[in-house]
Amino acid sequence: MGRAFEFRKERKFKRWAKMAVQFTRLGKEIVMAVKAGGGDVNTNSRLRTAVQNAKAVNMPKDRVEAAIKRASSRDEKDYEELVYEGYAPHGVAVLVETATDNTNRTVANVRSYFTKTGGALGKTGSLDFIFTRKAVFNFEPGDRDLEELELELIDAGLEDLFVEADEEGNDVAVIHTAFEDFGKMQKGLEALGIEPKSAKLERIPQSFHEVSEEQAADVLKLIDKLEEDDDVQAVYHNMAE
């Protein structure tokens, strides 16, 4: 066994930790979706999307059902969605989406992460010129003719369609469309019999900030601290990779 065994064990633990964080965030998203539109996936598009995303990361079915049931209870707490903006060390813009039942705790934590890593929290809207909110859909391309698919999805608001590799090296087709066209694209894909692996609203940087390897390590310290926080749903940055 030796070092190879330890390496495999470390990778497994990291994967489990990442899954646990994903499940927690998706559980919150399911709760917020149910609170906003009820527990029926057939009539609640936000819930349908949340369940779809949970399925994409192999979240156990019983855990999804438990989250829906829990959210339907009057005793289940409400979450407030808040966005924080600021700069990491070396001028990298960072935008943080949160869902919290205690805003004082969340803002204190987020501010401390920025401060302790040499960054600074900014005012809401200060990064509007850097990030644009887009609807992003991922699906398995299979043997589809993507040029033909582009034409079929133009009326659904298609802005961009491309293929990239996922973490396992498999091809994934990615669609970008305007934030307000999320529902239209969702219906367009359903009409074509395409089931997305995930469907999300993401913040896409319009410009990128170049940093050295040493500076990138400083920025990643902040991003890691933010992503480890239970109140944080997503972290976006414009650091060039």
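This is a predicted model: local features need pLDDT of at least 70, side-chain atom pairs count only at pLDDT 80 or more; totals for chains, interfaces and linings use all residues.
**Entry 1: strand 2, burial.** I started with strand 2, residues 93-100. I checked how covered it is, and eight of its eight residues are buried. On one side of strand 2 I listed Ala 93, Leu 95, Glu 97 and Ala 99. On the other I listed Val 94, Val 96, Thr 98 and Thr 100. Both faces are covered. Glu 97 is among the buried residues, as are Thr 98 and Thr 100.

**Entry 2: strand 2, partners.** Which strands pair with strand 2? I found strand 1, residues 80-87, pairing in the antiparallel sense over eight bridges. I also found strand 8, residues 232-237, antiparallel over five bridges. Tyr 84 stands opposite Val 96, and in strand 8 the bridge partner of Val 96 is Val 235.

**Entry 3: the hairpin.** I looked at the link between strand 1 and strand 2. This hairpin has five residues between the strands. His 90 takes a positive phi there, near 70 degrees.

**Entry 4: helices 2 and 6.** I moved to helix 2 (residues 45-56) and helix 6 (residues 182-191). Their packing angle is about 65 degrees, and the axes lie 12 Å apart. The crossing is left-handed. Which residues make the contact? From helix 2, I noted Ser 45, Arg 48 and Thr 49. From helix 6, I noted Phe 182, Gln 186 and Glu 190. By class, the contact holds one nonpolar, three polar and two charged residues.

Definitions and conventions
Residues are numbered from 1 along each chain as its sequence is written. Side-chain values use heavy atoms; hydrogens and water are left out. Axes are lines fitted to C-alpha atoms, for helices over the stretch in contact, and angles run from 0 to 180 degrees between N-to-C directions. Helices (H or I, at least four residues) and strands (E, at least two) are DSSP runs, numbered from the N terminus. A crossing is left-handed if the near helix is turned anticlockwise from the far one by less than a right angle, and right-handed if clockwise. Contact means heavy atoms within 4.5 Å. Ala, Val, Leu, Ile, Met, Phe, Trp, Tyr, Cys and Pro count as nonpolar, Asp, Glu, Lys and Arg as charged, and the others, Gly among them, as polar. Buried means under 20% relative accessible area, exposed over 50%, partly exposed in between (1.4 Å probe, protein chains only). Two strands pair if DSSP finds at least two bridges between them.
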